[in-house]
Amino acid sequence: MKTLSVGELLSRAWELSVKYWPIFVVLTIVESISSGFGISVDNGALAEIASADDPSSVMEAYSEAITLSPWFMVAVLLKMYLSFVCVRMYANAVQTGRPYESFGDVLRCDIMQLATFIVVGIALGIIISVGLMACLLPGIILGVRLMYAPYLVVVEKASFAEAFKHSWALTAGHFWELLLTLLVYVGVLILGYCACCVGIIFAEVVAQFLLMVTFFQLSHFAGKCTSPIGGNAVPYDNVIEM
């Protein structure tokens, strides 16, 4: 079985980040700003969390510290839409060398595809959370094996069930390599955080490219694209078995 080279993937991610950093830095900033809409935080109440001595007190302190306005749901939908756009642009940059053809192309999306992307993202979060709460290991395994379900909705226009099935198949035999890739992903973000605000924004771009080039490398292993780490993808034809 072919193996992933994390060093090569990170090198390719760095090259793409250097080449396309202006547009993706702007996207990262806009997406980050949208995350704060509709949320107000009481710093005084938040400080009480440190002195809470039981889980119920912690939850009560959080409820008092964080207030959600009617705009919160709008912000959540905007965040998910921007995430969809970002995944598509990262995929285009890796696959074709062009993040987008036109500004209108950036904003355009199929409503059903976007809805599937949102539902898959929510379901993935629930699955991982339940796995982590039940026992740490199942959550990690499920998180690694199903991590590309949202990508498959965007890149392959997979349905809800297909996204999870194909992600599980795509990552088969690569668990430890993908786990190492995720650890490198976290390491890149930590290094960016140590370099202050500007550093964390660029590090986010590098980290996202790392995940995307890994996705296309796995697709190449599965015979879904004509060249490693990108290239012209061919339609998903269910050749990968569970």
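Author: Let us begin with the angle between two helices: each axis is a line fitted to C-alpha atoms over the stretch in contact, and the angle runs from 0 to 180 degrees between N-to-C directions. Please keep in mind that this is a predicted model.

Reader: At what angle do helix 6 and helix 9 pack, and how far apart are their axes?

Author: Helix 6, which spans residues 111–134, packs against helix 9, residues 160–170, at an angle of about 50°, and their axes lie 9 Å apart. Angles under 35 degrees count as roughly parallel, over 145 as roughly antiparallel, and 65 to 115 as roughly perpendicular, while the rest are oblique; helix 6 and helix 9 are therefore oblique to each other. Their crossing is right-handed.

Reader: Which residues of helix 6 and helix 9 make the contact?

Author: On the side of helix 6 they are Thr116, Val119, Val120, Ala123, Leu124 and Ile127, and helix 9 contributes Phe160, Ala163 and Phe164. Sorted by class, this contact has 8 nonpolar residues, 1 polar residue and no charged ones.

Reader: Why are helix 7 and helix 10 called roughly perpendicular?

Author: Their axes cross at roughly 90° and come within 10 Å; because an angle of 65 to 115 degrees counts as roughly perpendicular, that is the description given to helix 7 and helix 10. In this case Ile140, Ile141 and Val144 from helix 7 meet Phe175, Leu178, Leu179 and Leu182 from helix 10, and by class the contact has 7 nonpolar residues, with no polar and no charged ones.

Reader: How much space lies in the largest pocket, and which residues lie nearest its centre?

Author: About 610 Å³ of space lies in the largest pocket. The lining is made up of 23 residues, of which Tyr151, Tyr185, Glu204, Gln208 and Leu211 lie nearest the centre. Among the elements that give two or more residues to this lining are helix 6, helix 8 (149–155), helix 10 (175–194) and helix 11 (196–221). By class, the lining has 15 nonpolar, 5 polar and 3 charged residues.

Note on methods
Residues are numbered from 1 along each chain as its sequence is written. This is a predicted model: local features need pLDDT of at least 70, side-chain atom pairs count only at pLDDT 80 or more; totals for chains, interfaces and linings use all residues. Side-chain values use heavy atoms; hydrogens and water are left out. Helices (H or I, at least four residues) and strands (E, at least two) are DSSP runs, numbered from the N terminus. A crossing is left-handed if the near helix is turned anticlockwise from the far one by less than a right angle, and right-handed if clockwise. Contact means heavy atoms within 4.5 Å. Ala, Val, Leu, Ile, Met, Phe, Trp, Tyr, Cys and Pro count as nonpolar, Asp, Glu, Lys and Arg as charged, and the others, Gly among them, as polar. On a 1 Å grid over the protein atoms alone, a cavity is a set of points where a 1.4 Å probe fits but cannot get out, and a pocket is an open set with protein on both sides within 12 Å along at least five of seven lines; lining residues have an atom within 4 Å of a point. Grid points are joined across faces, edges and corners, and a volume is the space filled by probe spheres set on the points.
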